[in-house]
Amino acid sequence: MLVQLPNAVAVRATAAGKEPLFSFGVIADVQYADIPDGRSFLGVPRYYRHSLTVLQRAVRSWNAHNHKHPVAGGGVRFCVNFGDIVDGFCPKDRSLAAVQAVVAEFDRFHGPAYHMLGNHCLYNLPRSKLVSLLRMPSGRAYYDFSPFPGYRFVVLDAYDFSAVGWPRGHPVAAAARRFLDERNPNADKNSPSGLAGVDRRFVMFNGAVGEVQLRWLDGVLRGAARRREAAVVCSHLPLHPGAASPSGLMWNYEEVMRVVHRHGCVAACLAGHDHRGGYGVDARGVHHRTLEAALECPPGTDAFGRVDVYPDGLTLVGTGRMGSTDMRLQLHSPVAELS
């Protein structure tokens with residue numbers, strides 16, 4: 001279902017030659033570590049040092065686009081990092097330095113960078129330390145912001161309820177472990193062996209949005225709808241089975257999407273985590289785009305993008321292994337009526 005277009009010219013043609021209202025940069029799963037290349041548990045090659053080079057090229061590309069389009073709305077106003085800034089195999093005595101190295105590259109971007117937590121981040125450093133290092137604006141791992149009049153971006157903490165990222169003995173970690181025990185019979189809770197369909201998501205490297213955060217999300221989207229803002233939801237974990245493998249989904253994606261659909265103001269949900277990427281449109285017309293990972297780019301290749309925002313939709317202009325995707329709003333969609 002992924003819309004593959006050969007170059008930026010072809011993508012821009014889908015917007016009938018119009019200039020975007022604004023643009024933003026996207027990159028996912030850098031998972032940097034200063035260690036030799038390796039492979040995932042499934043045997044997929046991973047390029048731990050080269051991923052930082054991919055990020056460097058992404059930042060240069062976004063800045064160059066700003067230089068070419070200095071007028072209001074024409075440049076890349078901000079960028080979003082979709083989590084897993086450092087890899088779980090990074091030696092723990094080097095975790096802080098690895099995160100700082102990646103943050104330093106984002107600091108070279110001529111605009112704000114917005115981050116979210118991924119499971120690999122939480123394998124390396126405490127949640128509170130990451131929130132500080134990544135300068136999350138609310139002092140917590142979920143927040144929202146409005147980069148342009150009429151638009152609201154929502155960043156979720158996909159590991160708010162999870163068995164990772166909480167201190168040993170923490171009640172959230174204990175409750176999440178019980179949750180997994182009830183749904184995954186394997187001794188290794190990172191294994192989906194024997195689980196079928198979307199039940200394969202019940203593994204330890206995934207997580208969920210907790211009850212307090214769900215109420216917060218409901219309030220943010222209610223306010224966005226009242227102000228007639230179009231919203232974009234950003235999460236490390238994907239929220240739609242059509243846009244990711246079952247084992248990569250958020251534990252309570254259905255619950256989150258009920259909140260999203262309730263208010264009719266969300267145009268798209270963007271995510272990382274599933275390194276192959278994916279794209280789908282749900283029954284309510286919300287676009288779901290899972291972004292290809294920077295980590296799995298062999299030397300000489302890239303995976304990052306720029307999203308151009310128009311009154312009638314979003315266009316992801318992908319670079320390298322990140323496919324380009326045109327996400328037009330359906331004419332009957334409540335979001336289309338907001339714009």
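Reader: Which residues form one aromatic cluster?

Author: F22, F24, F78, Y114, Y143, F145, F148, Y151 and F153 form that cluster, where rings of Phe, Tyr and Trp (its six-membered ring) pair if their centres lie within 6.5 Å, with planes under 30 degrees apart counted as stacked, over 60 as edge-to-face and the rest as tilted. This is a predicted model, in which local features need pLDDT of at least 70 and side-chain atom pairs count only at pLDDT 80 or more, while totals for chains, interfaces and linings use all residues. Residues are numbered from 1 along each chain as its sequence is written, and side-chain values use heavy atoms, with hydrogens and water left out.

Reader: Why is F202 called buried?

Author: Its relative accessible area is 7%, and buried means under 20%, exposed over 50% and partly exposed in between (1.4 Å probe, protein chains only), so F202 counts as buried.

Reader: How do you know that the charged end of R183 sits over the ring of F179?

Author: The rule asks for NZ of Lys or CZ of Arg within 6 Å of the ring centre and within 35 degrees of the ring normal. The charged end of R183 is 3.7 Å from the centre of the F179 ring, and R183 also sits over the ring of F202, at 5.7 Å from its centre.

Reader: Why do R183 and E182 count as a salt bridge, and how exposed is E182?

Author: Their closest N and O atoms are 3.2 Å apart, and a salt bridge is a side-chain nitrogen of Lys or Arg within 4 Å of a carboxyl oxygen of Asp or Glu, so the pair qualifies. At 63% relative accessibility E182 counts as exposed, whereas R183, at 32%, counts as partly exposed.

Reader: What makes D308 and R306 a salt bridge, and are they buried or exposed?

Author: Their side chains meet at 2.9 Å, N to O, which is within the 4 Å limit. D308 is buried at 0% relative accessibility, and R306 is buried too, with a relative accessible area of 13%.
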